[in-house]
Amino acid sequence: MYQVKDKIAFLEQNLSKKRFLHSCNVARAAKQLAQRYGADQEKAYFAGLVHDICKEMPFDQQKALMLSGDFAPDEAELHSRKLWHGIAGAYFLQSEFGVTDRDILNSVRFHTVARPGMSLLEEIIYMADMISDERDYKGVAKMRKLAFEDLKGAMLTALTDAIGSVLKKEGLIPQYTIAAYNSYLLDKYLDTNPNAKKGSSAA
């Protein structure tokens with residue numbers, strides 16, 4: 001259904017060895033997370049495999065793809081070249097490989113910036129990218145453990161860390177990321193305060 005062998009061959013030809021290894025590791029992590037949380041394992045593996053399909057394209061090609069689709073980059077994304085590949089990748093999969101499953105396309109599009117209202121597959125791909133086997137950043141072991149224990153808690157932790165890192169570098173933060181952080185934090189607040197209601201003041 002997903003023609004995985006063809007995509008693997010394409011990735012081997014168009015990605016560096018390091019990026020190809022990362023893509024395979026993300027696919028495996030995504031499949032494991034899908035098994036843990038009851039998602040479609042084949043779909044998760046495929047989305048993980050192709051999430052960085054445009055990562056090493058020249059920036060002018062990434063920009064052209066990003067602006068050709070209907071995946072709506074915000075102002076911060078337009079001025080942050082490191083974020084273009086997710087948006088470009090979603091449109092590339094749609095236009096070049098005929099992928100029509102919006103859940104897969106959104107998983108690729110938002111795997112770096114996140115968004116509020118993410119589907120289970122989107123969360124799985126976001127976290128699989130964070131915890132793939134070759135990752136060695138400080139705290140990755142704890143992040144891997146949390147991802148398999150509490151997916152939404154892992155999302156909030158990952159977004160908190162990501163925003164903190166960008167702030168230290170004085171980088172631009174997409175509105176999608178800010179809204180995602182607020183959404184997961186609000187969900188956590190409501191889970192721990194069952195008498196609270198969305199839309200009411202937290203003061």
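Q62 sits in helix α4, which covers residues 59–68. Helices here are DSSP runs of H or I with at least four residues, strands are runs of E with at least two, and both are numbered from the N terminus. This is a predicted model, so local features need pLDDT of at least 70, side-chain atom pairs count only at pLDDT 80 or more, and totals for chains, interfaces and linings use all residues. Residue numbers start from 1 along each chain as its sequence is written, and side-chain values use heavy atoms, with hydrogens and water left out.

**Around Q62**
- Q62 is buried, at 1% relative accessible area (buried is under 20%, exposed over 50%, partly exposed in between, with a 1.4 Å probe and protein chains only).
- Skipping neighbours within four places in sequence, Q62 is in contact with C54, K55, M57, R81, W84, H85 and A88 (contact means heavy atoms within 4.5 Å).

**Overall fold**
- The protein has 11 helices and 0 strands.
- The radius of gyration is 17 Å, which agrees with the value near 17 Å for a compact globule of 203 residues (taken over C-alpha atoms; the rule is 2.2 Å times the number of residues to the power 0.38).
- Along its principal axes, the C-alpha trace spans about 55 × 35 × 35 Å.

**Packing and surface**
- Buried residues account for 42% of the 203 residues.
- Of the contacts between residues at least 6 apart in sequence, 60% join residues at least 24 apart.
- The protein exposes about 11000 Å², with carbon and sulfur atoms supplying 52% of that (Shrake-Rupley method, 1.4 Å probe; for residues, only the protein chains shown count as cover).
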